[in-house]
Amino acid sequence: MTEEKTILLTQEAYDKMKEELAWREGEYRDEILAKVSAARAEGDLSENGGYQAAREAQRVNQGRIDELTVKLRNAKILTAPPEGKVGDGSLVTLDVMGREKVFVLGTRDLAIATDHDIISPESPIGAAINGANAGDTVSYKAPNGREISVTIKASKPLV
């Protein structure tokens with residue numbers, strides 16, 4: 001069995017995942033079951049496209065339920081660092097090669113709680129800015145081997 005790792009989520013992301021899980025286990029599952037039953041009542045299942053589609057929707061829904069259950073079980077509500085300090089859960093404004101970009105530092109699971117792009121703390125740029133402060137200029141090695149300097153213009157908690 002693979003080791004499950006802790007997933008850092010904001011309270012908002014955690015709550016949205018719980019809502020989605022409740023919907024998938026309740027209302028949505030019932031809708032799919034009704035479609036499966038209706039298609040099954042039509043008779044021959046071997047050539048019944050509606051039945052096959054409903055069963056596929058059932059499999060996909062159960063997969064997402066399983067995924068959400070594991071994530072919620074392993075979730076830890078993160079406490080973002082204070083304004084000016086960059087860390088997991090920070091909304092960071094960067095000057096990257098003369099262009100201003102706004103990102104959230106954290107796992108892709110935070111995407112459920114924000115419209116901003118996510119930077120993983122394990123990526124080269126994420127590792128470079130993690131722990132830095134607003135006003136700092138840091139550099140990282142891009143995948144193409146170039147050294148890129150980034151200035152942190154601002155950082156505040158996502159929540």
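Modeller: Welcome! Residues are numbered from 1 along each chain as its sequence is written, and side-chain values use heavy atoms, with hydrogens and water left out. In this predicted model, local features need pLDDT of at least 70 and side-chain atom pairs count only at pLDDT 80 or more, while totals for chains, interfaces and linings use all residues.

Biologist: Why is Met 97 called exposed?

Modeller: Exposed means over 50% relative accessible area, buried under 20%, and partly exposed in between, with a 1.4 Å probe and protein chains only. Met 97 has 53% relative accessibility, so it counts as exposed. Met 97 sits in the loop between β3 (90-96) and β4 (99-105); helices (H or I, at least four residues) and strands (E, at least two) are DSSP runs, numbered from the N terminus. Met 97 also has a positive phi of about 50°, although it is not a glycine.

Biologist: And why does Asp 95 count as buried, exposed or partly exposed?

Modeller: Asp 95 has 27% relative accessibility, so it counts as partly exposed.

Biologist: What makes the span of α2 close to the expected one?

Modeller: The expected span is 1.5 Å times one less than the number of residues. Helix α2 (residues 27-41) has 15 residues and reaches 21 Å from its first C-alpha to its last, close to the expected 21 Å.

Biologist: How do you know that the buried residues of α2 line one face?

Modeller: The buried residues of α2 include Ile 32, Val 36 and Ala 39. Seen down the axis, the buried residues fall within an arc of 70°, so they line one face of the helix; the arc is that of the directions from the helix axis to the C-beta atoms. In general, an α-helix has 3.6 residues a turn, so residues three or four places apart point the same way. The face turned away from the buried side of α2 carries the exposed residues Glu 27 and Ala 41.

Biologist: Why is Arg 29 called partly exposed?

Modeller: Arg 29 has 29% relative accessibility, so it counts as partly exposed. Arg 29 lies in helix α2.
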